Amino acid sequence: MTDPRQQDQDRAWLEVALAEARAGLATGGVPIGAALIGPDGTVWGRGHNRRVQDGDPSVHAETAAFRAAGRRPSYRGATMVTTLSPCWYCSGLVRQFGITRLVIGEAQSFSGGHDWLAEHGVEVVVLDDPACTELMTEFIAAEPAVWNEDIGEDVVPSEAGR
(Lines give C-alpha, C1' and ligand atoms only; values in the text may rest on other atoms or scores of the structure.)
Protein backbone atom coordinates (compact mmCIF):
# COMPACT_ATOMS: atom_id res chain seq x y z
CA MET A 1 0.00 0.00 0.00
CA THR A 2 1.31 3.43 -0.96
CA ASP A 3 2.09 5.97 1.75
CA PRO A 4 -0.62 8.71 1.69
CA ARG A 5 2.09 11.38 1.80
CA GLN A 6 3.68 9.86 -1.32
CA GLN A 7 0.28 9.81 -3.04
CA ASP A 8 -0.17 13.51 -2.25
CA GLN A 9 3.32 14.24 -3.56
CA ASP A 10 2.70 12.22 -6.74
CA ARG A 11 -0.50 14.18 -7.37
CA ALA A 12 1.31 17.49 -6.82
CA TRP A 13 3.98 16.44 -9.32
CA LEU A 14 1.25 15.38 -11.74
CA GLU A 15 -0.05 18.97 -11.63
CA VAL A 16 3.33 20.11 -12.99
CA ALA A 17 2.99 17.61 -15.87
CA LEU A 18 -0.65 18.61 -16.47
CA ALA A 19 0.34 22.28 -16.72
CA GLU A 20 2.85 21.25 -19.39
CA ALA A 21 0.21 19.20 -21.25
CA ARG A 22 -2.14 22.19 -21.30
CA ALA A 23 0.70 24.43 -22.54
CA GLY A 24 1.33 21.98 -25.37
CA LEU A 25 -2.34 21.97 -26.34
CA ALA A 26 -2.47 25.78 -26.23
CA THR A 27 0.37 25.96 -28.76
CA GLY A 28 -1.21 23.50 -31.19
CA GLY A 29 0.39 20.28 -30.02
CA VAL A 30 -0.50 16.96 -28.47
CA PRO A 31 -1.48 17.51 -24.81
CA ILE A 32 1.03 15.29 -23.03
CA GLY A 33 3.21 16.71 -20.28
CA ALA A 34 5.97 15.35 -18.07
CA ALA A 35 8.32 16.28 -15.26
CA LEU A 36 11.52 14.63 -14.08
CA ILE A 37 11.78 14.81 -10.30
CA GLY A 38 15.05 14.40 -8.44
CA PRO A 39 15.43 12.05 -5.47
CA ASP A 40 15.07 15.03 -3.11
CA GLY A 41 11.71 16.00 -4.65
CA THR A 42 12.89 18.97 -6.70
CA VAL A 43 11.74 19.36 -10.28
CA TRP A 44 14.82 18.79 -12.40
CA GLY A 45 13.06 19.32 -15.71
CA ARG A 46 9.63 19.68 -17.23
CA GLY A 47 8.32 19.60 -20.77
CA HIS A 48 5.53 18.79 -23.14
CA ASN A 49 5.13 16.99 -26.42
CA ARG A 50 6.43 19.33 -29.16
CA ARG A 51 6.30 17.02 -32.16
CA VAL A 52 3.84 19.25 -34.02
CA GLN A 53 5.26 22.60 -32.94
CA ASP A 54 8.89 21.70 -33.74
CA GLY A 55 8.28 19.26 -36.58
CA ASP A 56 10.49 16.84 -34.66
CA PRO A 57 9.10 13.35 -34.02
CA SER A 58 11.51 12.78 -31.12
CA VAL A 59 10.24 15.57 -28.86
CA HIS A 60 7.87 13.65 -26.63
CA ALA A 61 6.94 15.08 -23.23
CA GLU A 62 9.24 12.71 -21.37
CA THR A 63 12.21 13.44 -23.62
CA ALA A 64 11.57 17.18 -23.30
CA ALA A 65 11.54 16.91 -19.48
CA PHE A 66 14.67 14.73 -19.58
CA ARG A 67 16.51 17.21 -21.80
CA ALA A 68 15.43 20.13 -19.60
CA ALA A 69 16.86 18.32 -16.56
CA GLY A 70 20.28 18.40 -18.14
CA ARG A 71 23.19 16.08 -17.75
CA ARG A 72 23.38 14.29 -14.41
CA PRO A 73 25.89 11.76 -13.12
CA SER A 74 22.97 9.49 -12.23
CA TYR A 75 19.19 9.40 -12.56
CA ARG A 76 18.74 6.67 -9.93
CA GLY A 77 16.16 7.67 -7.37
CA ALA A 78 14.48 10.03 -9.85
CA THR A 79 10.78 9.91 -10.73
CA MET A 80 9.40 10.52 -14.21
CA VAL A 81 5.88 11.91 -13.99
CA THR A 82 3.81 11.88 -17.16
CA THR A 83 0.19 12.57 -17.97
CA LEU A 84 -0.04 9.51 -20.24
CA SER A 85 1.50 6.05 -20.22
CA PRO A 86 4.85 6.39 -21.98
CA CYS A 87 5.36 4.96 -25.44
CA TRP A 88 8.14 2.43 -26.07
CA TYR A 89 10.56 5.21 -27.01
CA CYS A 90 10.06 7.03 -23.71
CA SER A 91 9.90 3.77 -21.75
CA GLY A 92 13.32 2.98 -23.18
CA LEU A 93 14.61 6.33 -21.93
CA VAL A 94 13.40 5.53 -18.40
CA ARG A 95 15.05 2.11 -18.51
CA GLN A 96 18.27 3.26 -20.22
CA PHE A 97 19.01 5.90 -17.61
CA GLY A 98 17.86 3.98 -14.54
CA ILE A 99 15.00 6.26 -13.55
CA THR A 100 13.56 4.49 -10.52
CA ARG A 101 9.89 5.51 -10.45
CA LEU A 102 7.26 6.29 -13.04
CA VAL A 103 4.05 8.12 -12.13
CA ILE A 104 1.38 8.04 -14.84
CA GLY A 105 -1.70 10.26 -14.97
CA GLU A 106 -3.68 7.83 -17.10
CA ALA A 107 -3.20 4.69 -19.16
CA GLN A 108 -6.69 4.32 -20.69
CA SER A 109 -6.18 6.41 -23.83
CA PHE A 110 -2.86 4.72 -24.53
CA SER A 111 -0.99 1.96 -22.77
CA GLY A 112 2.68 2.03 -23.66
CA GLY A 113 5.58 0.25 -22.03
CA HIS A 114 4.79 0.77 -18.37
CA ASP A 115 4.10 -2.92 -17.68
CA TRP A 116 7.46 -3.77 -19.23
CA LEU A 117 9.14 -1.17 -17.03
CA ALA A 118 7.49 -2.67 -13.94
CA GLU A 119 8.78 -6.09 -14.95
CA HIS A 120 12.28 -4.59 -15.05
CA GLY A 121 12.24 -3.09 -11.57
CA VAL A 122 10.78 0.37 -12.11
CA GLU A 123 8.14 1.31 -9.55
CA VAL A 124 5.07 2.23 -11.61
CA VAL A 125 2.15 4.18 -10.20
CA VAL A 126 -0.95 4.77 -12.35
CA LEU A 127 -3.12 7.50 -10.83
CA ASP A 128 -6.14 7.20 -13.18
CA ASP A 129 -6.51 10.97 -13.06
CA PRO A 130 -9.81 12.20 -14.59
CA ALA A 131 -8.30 15.47 -15.84
CA CYS A 132 -5.60 13.59 -17.77
CA THR A 133 -8.18 11.21 -19.25
CA GLU A 134 -10.50 14.05 -20.27
CA LEU A 135 -7.68 16.04 -21.88
CA MET A 136 -6.60 13.08 -24.03
CA THR A 137 -10.12 11.87 -24.86
CA GLU A 138 -11.11 15.32 -26.14
CA PHE A 139 -7.88 15.70 -28.11
CA ILE A 140 -8.14 12.27 -29.75
CA ALA A 141 -11.75 12.99 -30.79
CA ALA A 142 -10.79 16.40 -32.21
CA GLU A 143 -7.46 15.44 -33.86
CA PRO A 144 -7.45 11.72 -34.75
CA ALA A 145 -4.87 12.09 -37.53
CA VAL A 146 -2.40 13.95 -35.30
CA TRP A 147 -2.99 11.41 -32.53
CA ASN A 148 -2.40 8.45 -34.84
CA GLU A 149 0.79 10.07 -36.11
CA ASP A 150 1.94 10.64 -32.53
CA ILE A 151 1.51 7.00 -31.53
CA GLY A 152 2.94 5.64 -34.78
CA GLU A 153 -0.31 4.39 -36.27
CA ASP A 154 -1.06 4.70 -39.95
CA VAL A 155 -3.11 7.76 -40.76
CA VAL A 156 -6.45 6.99 -42.39
CA PRO A 157 -6.48 8.71 -45.84
CA SER A 158 -9.66 10.68 -45.00
CA GLU A 159 -7.87 12.09 -41.92
CA ALA A 160 -4.66 13.04 -43.70
CA GLY A 161 -5.96 16.36 -44.98
CA ARG A 162 -7.03 17.63 -41.58
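The chain contains seven helices and five strands, taken as DSSP runs (helices H or I, at least four residues; strands E, at least two) and numbered from the N terminus. Their order from the N terminus is α-β-β-α-α-β-α-β-α-β-α-α. The radius of gyration is 15 Å, close to the 15 Å of the globule rule for 162 residues, so the chain is as compact as a globular protein of that length. This radius is taken over C-alpha atoms, and the rule is 2.2 Å times the number of residues to the power 0.38. The model is predicted: local features need pLDDT of at least 70 and side-chain atom pairs count only at pLDDT 80 or more, while totals for chains, interfaces and linings use all residues. Residues are numbered from 1 along each chain as its sequence is written, and side-chain values use heavy atoms, with hydrogens and water left out.

The C-alpha trace spans about 45 × 30 × 30 Å along its principal axes. Of the 162 residues, 48% are buried. Buried means under 20% relative accessible area, exposed over 50%, and partly exposed in between (1.4 Å probe, protein chains only). Contacts are heavy atoms within 4.5 Å. Among those between residues at least 6 apart in sequence, 54% join residues at least 24 apart. The chain carries 13 positive and 23 negative side chains, and the centres of the two sets lie 9 Å apart. Lys and Arg count as positive, Asp and Glu as negative; His and the chain ends are not counted. Each charge is placed at NZ of Lys, CZ of Arg, CG of Asp or CD of Glu.

The largest nonpolar core has 26 residues. Such a core is a set of buried Ala, Val, Leu, Ile, Met, Phe, Trp, Tyr and Cys residues joined through side-chain atoms within 4.5 Å. I32, L36, M80, I99 and W147 have the most contacts inside this core. Two or more residues come from each of β1 (33-37), α3 (61-69), β3 (79-84), α4 (88-96), β4 (101-106) and α6 (130-142). The largest share, four residues, belongs to α3. Beyond its neighbours within four places in sequence, L36 is in contact with T42, V43, W44, G45, A65, F66, A69, Y75, A78, T79, M80 and I99. Another core, of 14 residues, lies apart from the largest one; A21, A35, V81 and V125 are among its members.

Helix α3 is mostly covered, with seven of its nine residues buried. These are A61, E62, T63, A64, A65, F66 and A69. Their cover includes β1, β2 (43-48), β3 and α4. G70 follows the helix, with a positive phi near 80 degrees.

R101 is found in strand β4. Its relative accessibility is 10%, so R101 counts as buried. Residues up to four places away in sequence aside, R101 touches Q6, D10, W13, A78, T79, M80, V122, E123 and V125. P31 lies 70 residues from R101 along the chain, and their C-alpha atoms are separated by 22 Å. R22 is found in helix α1 (residues 4-26). At 42% relative accessibility, R22 is classed as partly exposed. R22 and D8 are 14 residues apart in sequence, and 21 Å apart from C-alpha to C-alpha.
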